[in-house]
Amino acid sequence: MKFADEDVESYIARLPPSEGLAAGFRAWGLEYRWFALLTTVTGNVAAMLAGTIIKVAIPDIMGAFGISQADAQWLSTANLAAATVSMLASSWMVRGLGLRQTVNISMCLLLAGSLLGGLANNTDVMIISRVMQGITAGLLTPLSTMIIFQVFLPGKQGIAIGVSTVGIILAPAIGPAIGGILIDTFNWRYVFYLGIPFSLITLAASFAFMPARQALATRVPFDWNGMIVLSLALIALLVGLSNGEKDGWGSDFILGCLAVALVSGAGFVWWELRAEHPLLDLGLFANRNFTIMGINSFVFGAGLFASTYLVPLFLQLVQHLSATQAGALMIPPGIAMVLIFPYAGKVAELVDHRLLIGCGIGFFAVSFWLMSGADANTGFWTLAWWLVLSRIGLGFVMPALQLGALSHIEISRLSQASAAFNFVRQLGGAFGVNLMSIALERRNTFHADYLLSTQTYGSSETLSALGLLRGLSHSLGFTGTEEWHAARAFLQGMVQQQALGAAFRDSFVILAIAFLLTLIPTLALKSRKALQAG
């Protein structure tokens with residue numbers, strides 16, 4: 001459909017001033033707003049695929065490199081930590097290099113990280129590749145929001161957020177299914193290559209639809225001090241949390257890491273308040289709704305990322321599904337998101353954000369409360385429908401959070417606000433994955449110790465089980481005392497499996513409670529009428 005020149009010029013006049021975006025509208029008509037948005041969405045799909053598809057490969061990677069679950073979680077945590085820190089650099093790159101160069105650099109980094117991960121011969125190299133992929137996700141995630149508020153007028157921004165979120169959320173929904181097929185057909189290395197076609201498409205679209213840096217744009221110095229101190233704080237904190245169980249929470253190393261994190265975090269805040277061009281504009285948090293939405297986003301991000309880490313592990317370690325089956329289970333929730341997000345974005349512009357966030361949180365809490373009753377025998381479709389509930393909740397919450405946080409921020413601070421908002425959510429995600437990994441390990445140890453303590457020769461049930469397992473051992477070729485040794489080993493394995501299932505159920509309860517906690521700050525939000533009146 002071709003729009004008349006006067007329609008385009010009238011539309012441009014109502015948008016925030018931007019020579020590059022105005023040129024795009026004049027070249028492509030009003031369709032340009034969708035071309036520009038879909039370019040960033042495709043880039044985000046590539047980054048999200050790279051970030052999430054590895055989850056179904058973690059059990060295979062653990063076996064290939066002989067690492068524990070606690071070590072394997074760094075494949076997720078390193079990616080999230082890198083994305084968290086780099087998000088704050090996105091605004092500076094857009095202002096200094098322009099949208100086109102920011103997208104192009106990000107895609108090249110993603111391509112290099114994907115190839116490196118697929119060829120990695122040890123976990124250190126793989127973690128480096130995950131950091132590279134995380135940096136890409138951090139740079140790209142805020143861009144869709146920036147574009148939406150610059151090329152869509154109020155009244156259409158909610159729909160655009162819904163459409164963009166479909167693309168971004170669909171990637172982790174269908175990615176595990178495709179990744180499972182790749183793993184079962186070839187091997188786990190191929191999951192690293194899935195984002196490459198999307199990266200190449202984004203590069204081509206970037207040259208066509210992304211504006212170059214404006215000639216008169218002012219370049220500001222990059223806040224290297226803030227970046228270094230923030231990175232130090234985050235790395236020290238995550239290392240301390242990750243190794244606390246192994247080294248002891250009272251050990252000098254762990255206490256030292258936590259002390260470094262605390263001092264560095266305080267130093268980051270102190271510096272950002274005084275820096276002329278801060279990495280994170282803390283003045284944004286003077287806006288009450290932005291702050292409350294940020295708190296919600298932090299807690300919600302922690303629960304969301306932790307859940308996407310735990311569910312694939314549960315399906316493969318407890319239910320013993322193949323990678324393909326575990327990935328297939330994520331398809332129905334993905335379809336639910338595709339159906340609900342465009343409408344949820346439109347509704348978010350009409351309905352009070354407090355109501356939408358409360359409803360969404362309720363769906364998430366119910367979903368994981370139901371998941372806390374899952375075991376090795378829970379049916380495929382039962383699990384699928386429980387996860388569909390969580391995705392319906394996501395549809396309510398995500399557009400409401402973004403619109404509520406950013407719709408009343410002045411356009412000159414939009415890039416900083418978008419980066420800050422996404423930074424807070426990613427920071428919550430990094431904490432969530434790390435803390436739930438710790439919780440899972442501790443609850444597994446607790447249940448294993450308890451269950452093993454009940455397996456004594458004074459227990460008739462234990463003796464009966466050993467008798468049955470001894471018969472199984474004999475049928476497998478064991479004789480004499482070997483039968484009893486094998487029977488005890490089988491019994492111990494059964495107990496460990498029961499302990500692991502119980503640990504996952506406890507973790508799902510913790511997630512349900514974490515989601516419910518976001519209801520507390522939600523109550524302090526201003527109503528839509530109060531915001532419009534202000």
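Where does H320 lie in this chain? H320 sits in the loop between α13 and α14 (323-328). With that starting point, here are my notes; please keep in mind that this is a predicted model.

1. Most residues other than glycine have a negative phi. H320 is not a glycine, and yet its phi is positive, near 55°.

2. **The overall picture.** The chain has 22 helices and 0 strands. It is made of 534 residues, and 56% of them count as buried. Now look at how the chain meets itself: among contacts between residues at least 6 apart in sequence, 82% join residues at least 24 apart.

3. **The largest nonpolar core.** This core holds 145 residues. Which of its members touch the most other members? They are F25, F290, F368, F504 and F508. Helix α18 (residues 414-453) gives the most to this core, with 14 residues.

4. F314 has a relative accessibility of 0% and counts as buried. F504 is buried too, also with a value of 0%.

5. **A second ring next to F504.** F504 also pairs with F508; here the centres are 6.4 Å apart and the planes are at 35°, so this pair is tilted. Why are F504 and F508 separated by about one helical turn? Because they are 4 residues apart in helix α20. F508 has a relative accessible area of 0%, so F508 is buried. Leaving aside neighbours within four places in sequence, F508 is in contact with L310, V311, F314, F368, M371 and S372. The rings of F314, F504 and F508 are part of one aromatic cluster, which also includes F364, F368 and F515.

6. **Another residue of helix α20.** L516 is placed in helix α20 as well. Is L516 buried or partly exposed? With a relative accessible area of 40%, L516 is partly exposed. Beyond its neighbours within four places in sequence, L516 is in contact with I361 and A365. I361 is 155 residues away from L516 in sequence, but their C-alpha atoms are 6.4 Å apart in space.

7. **Salt bridges.** Side chains of opposite charge can pair when their charged atoms come close. The count here comes to 3 salt bridges. E9 forms one with R26, and the closest N and O atoms are 2.8 Å apart. E9 lies in helix α1 (residues 5-13) and R26 in helix α2 (residues 19-28), so this bridge ties together parts that are 17 residues apart in sequence. E9 is partly exposed, at 35% relative accessibility. D352 and R354 form another bridge, with 3.1 Å between the closest N and O atoms. Both are partly exposed, D352 at 22% and R354 at 31%. The side chains of R443 and D506 also meet in a salt bridge (2.8 Å, N to O). R443 lies in helix α18 and D506 in helix α20, so parts 63 residues apart in sequence are tied together. R443 is partly exposed at 28%, and D506 is partly exposed at 22%.

8. **A buried threonine.** T202 lies in helix α10 (residues 196-209). Its relative accessible area is 1%, so T202 is buried. Not counting residues up to four places away in sequence, T202 touches T39, T42, G43, V103 and M107.

9. **A nonpolar patch on the surface.** To finish, look at I331, I335 and L339, which form a nonpolar patch on the surface. Together they have about 280 Å² of accessible area. I331 lies in helix α15 (residues 331-348) and is partly exposed, with a relative accessible area of 34%.

Note on methods
Residues numbered from 1 in each chain as written. Predicted model: local features only at pLDDT ≥ 70, side-chain atom pairs only at ≥ 80, totals over all residues. Heavy atoms only, no water. Buried < 20%, exposed > 50% of the residue type's maximum accessible area, 1.4 Å probe, protein only. Phe/Tyr/Trp six-rings, centres within 6.5 Å; stacked < 30°, edge-to-face > 60°. Helix = DSSP H or I, 4+ residues; strand = E, 2+ residues; numbered from the N terminus. Patch = residues over 30% accessible without salt bridge, like charges linked within 9 Å, V, L, I, M, F, W, Y side chains within 5 Å. Areas by Shrake-Rupley, 256 points an atom, 1.4 Å probe, with all protein chains shown as cover. Salt bridge = Lys/Arg side-chain N within 4 Å of Asp/Glu carboxyl O. Core = buried A, V, L, I, M, F, W, Y, C linked by side-chain atoms within 4.5 Å. Contact = heavy atoms within 4.5 Å.
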